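Trainee: I have a model to go through before the group meeting. Could you walk me through its packing and its strands?

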Amino acid sequence: MSFTREEQDKKGKFTILENGIPAGEMTYVWAGKHKFIIDHTETFEKFSGKGYGKQLVLKGVEYAKSKGVKILPLCPYAKRVMEQDESLHEMIFR
């Protein structure tokens, strides 16, 4: 499993790869200098049930920490992951 990150202007995307094959993606949009919005998280059908969606959200959290910013999780899945894990609450923009 590996990740790629693409960013252009205010939009970005993390892709999770299984043996070099895209298995899911999480998209985000920068909202100012201090936060970004996770707007979509998806595990592709062939790869569902492997926890890749959560891994994508956690990769986004890791990226946010490295940038010193917060996350506004508008994606229902990302929001659920971040709200269920108390250690991630500090990363949620409120």
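Trainee: Which residues of H2 are buried?

Mentor: This is a predicted model, where local features need pLDDT of at least 70, side-chain atom pairs count only at pLDDT 80 or more, and totals for chains, interfaces and linings use all residues. Residues are numbered from 1 along each chain as its sequence is written, and side-chain values use heavy atoms, leaving out hydrogens and water. Buried means under 20% relative accessible area, exposed over 50%, partly exposed in between (1.4 Å probe, protein chains only). By that cut-off, the buried residues of H2 are Ala78, Val81 and Met82.

Trainee: Why are they on the same side of H2?

Mentor: The arc is taken from the directions from the helix axis to the C-beta atoms. They are on the same side because they cover an arc of only 90°.

Trainee: Which exposed residues does the face turned away carry?

Mentor: That face of H2 points away from the buried side. Its exposed residues are Pro76 and Gln84.

Trainee: What covers the buried residues of H2?

Mentor: Contact means heavy atoms within 4.5 Å. Helices (H or I, at least four residues) and strands (E, at least two) are DSSP runs, numbered from the N terminus. The cover includes E4, H1 and strand E5 (70-73).

Trainee: Over how many bridges do E2 and E3 pair?

Mentor: Two strands pair if DSSP finds at least two bridges between them. E2 and E3 run antiparallel, with Leu17 opposite Pro22 in E3. The number of bridges is eight.
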